[in-house]
Amino acid sequence: VSGFDRARFALELFGAVDERTRVAELIGEAELAFAIECVLEPVRTRNPATRANETLMRKVLDGSRERGDVLALAWQGEQCVGFVWTSANGPSDHTEIYLNELSLVPAMRGAGLGATLLARLEHAARLAGARAIDLDFMADNPRVRSLYERAGFTQVGVEVIGTRPEGRTVDGVSAPTQSELAAVVSHAVRMRSLCTFARPWMSRDDVEAEVASVHAQQRILVARRDGELVGLAIWRCVPSIVFGDVVCALEVLEAPPDLARVMVQALCATLPREAAARIVVTVREPSEAEVATLIALGLSVHRYKCRKALAADDA
Ligand SMILES: CC(C)(COP(=O)(O)OP(=O)(O)OC[C@H]1O[C@@H](n2cnc3c(N)ncnc32)[C@H](O)[C@@H]1OP(=O)(O)O)[C@@H](O)C(=O)NCCC(=O)NCCS
């Protein structure tokens, strides 16, 4: 297969998966309400104070359908037993499937159906030409780790979150000047997988365009030492389904461990107070020192990011 084929993906995902269970596309209002309950029930059980709610989920799922995400339900007879929600990201010759949600009704858990659905997803992703499957699980749901490990997923990153630390301006840490942008691009290209917008398929021109755009939105901070650029932070403010408020998500934090802390503090100083209540940092292949630095800032591990490569050259 030369490129990702979404129609093939859906075709291979849908249909009978064992003698009792079949997977079908999510259609109509009642099925959407079922899916929303599948997402919210486990979140509410683990965290009764969550601000996640039906209205927000409906908005998110409506948007995801418009973008072409595949939303599917698992059925046993006339009964809905689970929800599977995937997105396809990247260009057609480098598509990765992201598993947004895999959730079963409580009565069906622990009997192997989750593993069966994961295997089905992998089968469909392979036949449709996807390069990898990515997924996250929440730190307050550690039990699910063994399911993903048995299915061959490995941990590739963590997301830490917390109330934003008090910010202060720091000498040598500020937005890049126009003439420093080339160095920012080189930094981002070198980091590749560390950086959400510098995925393997992006050319240097793509990265350059992205850096110019985030610079225009005042979303870059650099740290300098002896005139050299040694640290880079890029962020965006996003609504959080889990928290129901806006969080500052650091897309890139690349700095020597002794500078990571001041960069996060400098970032907090540059954000308008009302912009974000919390800060989220995704660290790919983190060193213990990097995670320790963030935890010292009062952030805690919130999610684990896992990946399974499907193409040999895509580990
Ligand atoms: C996670 C889930 C889809 C797994 O499907 P399943 O059919 O229960 O899983 P299987 O029977 O195939 O495999 C068992 C593994 O699933 C996980 N699991 C089982 N019940 C679970 C539960 N109530 N909550 C979280 N994980 C569970 C465990 O890793 C378990 O492995 P273990 O026996 O070594 O502890 C299902 O349990 C579920 O819907 N849980 C609630 C929603 C959820 O946590 N979704 C994952 C979001 S990342």
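Tutor: One cut-off before we start: a residue is called buried when its relative accessible area is under 20%, and exposed when that area is over 50%, with partly exposed in between. By that count, 50% of the 315 residues in the chain are buried. Keep in mind that this is a predicted model.

Quick background, then. The chain has 9 helices and 13 strands. Its C-alpha trace spans about 65 × 45 × 35 Å along the principal axes. The radius of gyration is 21 Å, which agrees with the value near 20 Å for a compact globule because that is what 315 residues would give. If you take contacts between residues at least 6 apart in sequence, 68% of them join residues at least 24 apart. As for the surface, the accessible area is about 15100 Å², and 52% of that belongs to carbon and sulfur atoms.

Now the spot I'd zoom in on: Thr21. You'll find Thr21 in strand 2, which covers residues 21-25. Its relative accessibility is 2%, so Thr21 counts as buried. What does its side chain do there? The side chain of Thr21 makes a polar contact with the side chain of Gln76, at 2.9 Å. Leaving out neighbours within four places in sequence, Thr21 also touches Gly15, Ala16, Ala74, Trp75 and Leu113, along with Gln76 itself.

Follow that Leu113 contact and you land on helix 4, residues 113-127. Helix 4 has 15 residues and reaches 21 Å from first C-alpha to last, close to the 21 Å expected at 1.5 Å a residue. Leu113 is one of its buried residues, and others include Leu117, Leu118, Leu121, Ala124 and Ala125. Arg120 and Glu122 are on that buried list too. Past helix 4 comes Gly129, with a positive phi near 90°.

For contrast, look at Asn89 in strand 4, residues 79-89. Asn89 counts as partly exposed because its relative accessibility is 37%. Not counting residues up to four places away in sequence, Asn89 touches His94, Thr95, Glu96, Tyr98 and Trp201.

Note on methods: Residues are numbered from 1 along each chain as its sequence is written. This is a predicted model: local features need pLDDT of at least 70, side-chain atom pairs count only at pLDDT 80 or more; totals for chains, interfaces and linings use all residues. Side-chain values use heavy atoms; hydrogens and water are left out. Helices (H or I, at least four residues) and strands (E, at least two) are DSSP runs, numbered from the N terminus. Buried means under 20% relative accessible area, exposed over 50%, partly exposed in between (1.4 Å probe, protein chains only). Contact means heavy atoms within 4.5 Å. A polar contact is a pair of N or O atoms within 3.5 Å; within protein, one must be able to donate a hydrogen and the other to accept it, and residues adjacent in sequence count only if both atoms are side-chain atoms. The expected span of a helix is 1.5 Å times one less than its number of residues. The radius of gyration is taken over C-alpha atoms; the globule rule is 2.2 Å times the number of residues to the power 0.38. Accessible areas come from the Shrake-Rupley method with a 1.4 Å probe; for residues, only the protein chains shown count as cover.
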